[in-house]
Amino acid sequence: MSEGTSLVLESSENCTDLSQDEIGTIEETPEETILSRQTSVNLVPFIGQRFVSQEAAYEFYCSFAKQCGFSIRRHRTRGKDGVGRGVTRRDFTCHRGGYPQVKPSDDGKMQRNRKSSRCGCQAYLRIVKKSDFDVPEWRVTGFSNVHNHELLKSNEVRLLPAYCTISPDDKSRICMFAKAGMSVRQMLRLMELEKGIKVGCLPFTEMDVRNLLQSFRNVERDNDAIDLIAMCKRLKDENPNFKYEFKIDSNNRLEHIAWSYSSSVQSYESFGDALVFDTTHRVDAYDMLLGIWLGVDNHGMTCFFGCTLLRDENMQSFSWALKAFMGFMKGKAPQTILTDHNMWLKEAIAVEMPETKHAFCIWHILSKLSDWFSVLLGSHYDEWKADFLQLYNLELMEDFEEGWRQMIDKYRLHTNKHIISLHSLRMFWALPFLRRYFFAGLTSTSQSESINAFIQRFLSAQSQLDHFVEQVADIVDFNDRAGLKQKMQRKAQKVCLKTGSPVESHAATVLTPYALSKLQDELVLAPQYASFLVDEGCFQVRHHTQTDGGCKVFWVPCQAHITCSCHLFEFSGTLCRHVLRVMSTNNCFHIPDQYLPTRWRGGSLSSVNQFRGVTTRDQPERMQFLESMVSTLIMESIETEERLDVACEQMSVALSRIKALPRPPAHGVNDITYSYSSDSLILPEVEDTDGIIHGFANPHDSIALGKLKERRARDVVDVTRKRRQFPGPLCGQYVHDPSDCSIMAGDNLGGDGLGYL
């Protein structure tokens with residue numbers, strides 16, 4: 001790059017990701033434009049450069065910016081974490097990019113005119129998310145190093161706020177010096193001598209140290225620990241189903257604590273077969289390890305099971321946490337558990353959960369591959385990574401072993417310590433060794449991103465421990481309510497059958513929309529495969545483009561038993577395309593019940609458990625749960641005449657029992673208020689191959705072609721207002737006068753007695 005020119009590089013990856021006005025070219029800049037100084041070739045970003053994560057790209061560009069004489073900040077994004085595909089594009093800009101904006105204050109007055117360093121600098125780096133072999137990575141598609149301001153010298157750039165950071169080791173040293181009674185200037189001088197650097201050349205200033213010490217003083221750990229335990233005791237008094245356990249060390253200080261909420265314990269009863277135990281984050285203010293137990297429910301949504309804070313990261317700490325968690329869940333261990341690549345945790349799980357299949361999350365391993373092999377393999381790294389991912393996704397263990405030997409021969413990695421370690425632990429991360437165990441889809445990219453987005457909410461919690469537990473409770477409660485709302489919206493939407501096969505129609509009446517979509521993906525691909533009978537009850541199934549190989553399907557019709565060598569059903573609970581192809585060619589139009597797992601069904605036990613766990617909630621929220629349960633009752637009852645008769649009979653008994661209970665003496669019917677959401681009583685619609693839509697809905701709501709209309713939530717609606725809307729009381733299930741209703745016959749219920757539900 002010459003003194004008077006600069007390159008503005010940008011790529012759209014075949015122009016598929018960027019709009020036309022975003023595509024840049026090589027352009028000459030005026031001589032007076034201030035340019036960045038030359039940097040090491042290894043640190044200059046380039047189009048097509050790859051990173052394993054946004055954080056890796058940020059750290060690389062930050063190093064480049066520091067050497068040039070400026071700092072960077074995160075700018076625009078495309079997408080949002082936890083929504084759809086998540087963030088798919090990220091821009092990093094110079095810290096002087098953009099212009100300051102004056103925002104009005106809350107009282108309407110304009111803020112005082114503060115000086116800003118922003119001057120509209122156009123320097124930036126753009127990364128776009130790509131997925132090869134279902135593994136996401138970030139590629140550089142745009143880069144400009146043109147600045148319209150003076151760049152700082154090396155002794156000046158370190159004073160920018162972005163680079164005034166104090167490492168964890170330095171924080172520990174400063175804390176130790178403060179306890180010894182040293183002044184701030186003495187601390188700085190001693191650290192300069194220890195590091196062997198000139199006076200005033202530390203990566204942080206005196207003001208940064210004083211701010212750090214002030215944050216230490218604001219965190220009264222012992223008092224917060226006492227408040228935390230008191231908070232847990234209060235929650236236990238309010239709800240006996242709240243679980244917590246803690247341990248005090250020899251100095252009477254909090255060493256470990258773990259807790260779980262009643263809704264979490266109930267969710268674990270239905271969905272505790274596969275879980276994730278994330279221990280990759282810490283609560284910095286207390287230097288405690290944060291561990292979170294998570295899973296996935298029948299709608300594919302992340303559910304919270306428990307949380308722990310550990311003082312130390314060793315086998316004893318992890319063993320204590322696992323024992324506490326097992327105690328919360330009545331000794332029920334999961335079938336499978338996913339964790340990060342942690343050997344202490346591996347040993348603890350082997351002792352405390354010997355019957356549980358333990359696996360490492362592949363994303364934690366992939367994040368380390370670049371550091372381990374990029375320099376060693378050089379230009380062959382991308383090719384090696386593709387081979388590695390191909391081995392990871394194989395189906396047979398024999399193929400993995402043979403492919404692994406060929407890989408280490410090809411790249412001459414026989415003595416590499418990381419390769420040796422990965423191979424010795426292959427049973428904990430390679431899919432050929434995990435497919436026989438049920439992981440509920442937790443190893444997929446979408447579930448990993450959803451779980452990561454959920455964990456990020458915890459990391460934004462306040463530093464004080466008692467506040468942290470309160471915020472965790474709020475996050476879990478918000479997630480439960482948002483999940484319930486989303487489930488009801490999914491039920492309200494029509495279910496489109498993609499193939500029109502009887503198998504799909506049958507599954508649509510049993511599975512949740514999430515589980516049905518997974519089955520539909522396999523059903524759509526099944527016709528592309530050919531099946532051959534090779535022995536009695538044994539079929540060879542392979543893609544129509546293949547001439548040999550494929551999967552073996554074993555089918556015993558008289559026992560309704562069918563298995564496949566790909567083990568997709570054992571791994572995720574969804575029948576594979578090979579099995580579906582064999583069923584189709586042999587005129588089997590009904591999926592046996594054992595291949596429609598209860599944990600993926602719409603009428604899961606979790607619904608009952610959720611309603612059972614809200615006894616301590618306030619009345620409006622309990623009313624919403626009641627509305628949802630009524631909606632589920634109607635949906636399940638209308639399938640057959642027998643179900644409808646049982647529902648009518650039981651509802652009549654329930655209404656009689658409710659009417660027999662005494663009313664509060666101080667309140668009349670007209671004083672009752674409740675929170676009502678009209679969307680909660682909308683029933684799902686199913687569209688068959690003929691385009692006919694079947695469905696039921698609240699008679700006072702209209703749905704056009706199965707589309708759910710967004711309505712404003714109406715909180716605290718007075719019953720007297722409802723009375724003015726309807727000329728007479730309506731039965732909760734049909735639009736007619738209650739005097740003619742077979743359910744209400746003999747109850748002599750007037751409008752007030754019905755409550756106008």
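Helices here are DSSP runs of at least four residues, numbered from the N terminus, and one of them, helix H22, spans residues 641–660 and contains Glu649. The model is a predicted one, and it holds 20 salt bridges.

**Salt bridges between separate elements**
- The side chains of Glu137 and Arg50 form a salt bridge with an N to O distance of 3.5 Å; because Glu137 belongs to strand S6 (residues 135–144) and Arg50 to strand S2 (residues 50–51), the pair ties together parts that are 87 residues apart in sequence.
- Glu137 counts as buried because its relative accessibility is 8%, whereas Arg50, at 37%, counts as partly exposed.
- Arg50 and Glu137 also belong to a network of salt bridges that includes Arg139, Asp382 and Lys385.
- Lys410 and Glu383 meet through their side chains in a salt bridge of 2.8 Å, N to O, and this pair links helix H12 (residues 397–411), where Lys410 lies, with helix H11 (residues 381–392), where Glu383 lies, across 27 residues.

**A salt bridge within one helix**
- Asp237 and Lys233 are joined by a salt bridge of 3.5 Å, N to O, and because they are 4 residues apart in helix H6 (residues 221–238), about one helical turn separates them.
- Asp237 is exposed, at 56% relative accessible area, while Lys233 is partly exposed, at 47%.

**Surface charge and a loop residue**
- Glu649 gathers with Glu641, Glu642 and Asp645 in a patch of negative charge on the surface.
- Pro100 sits in the loop between strand S4 (89–94) and strand S5 (124–132), and, leaving aside neighbours within four places in sequence, Pro100 is in contact with Ser116 and Arg118.

Notes
Residues numbered from 1 in each chain as written. Predicted model: local features only at pLDDT ≥ 70, side-chain atom pairs only at ≥ 80, totals over all residues. Heavy atoms only, no water. Helix = DSSP H or I, 4+ residues; strand = E, 2+ residues; numbered from the N terminus. Contact = heavy atoms within 4.5 Å. Patch = residues over 30% accessible without salt bridge, like charges linked within 9 Å, V, L, I, M, F, W, Y side chains within 5 Å. Areas by Shrake-Rupley, 256 points an atom, 1.4 Å probe, with all protein chains shown as cover. Salt bridge = Lys/Arg side-chain N within 4 Å of Asp/Glu carboxyl O. Lys, Arg positive; Asp, Glu negative; His and termini not counted. Charge placed at Lys NZ, Arg CZ, Asp CG, Glu CD. Buried < 20%, exposed > 50% of the residue type's maximum accessible area, 1.4 Å probe, protein only.
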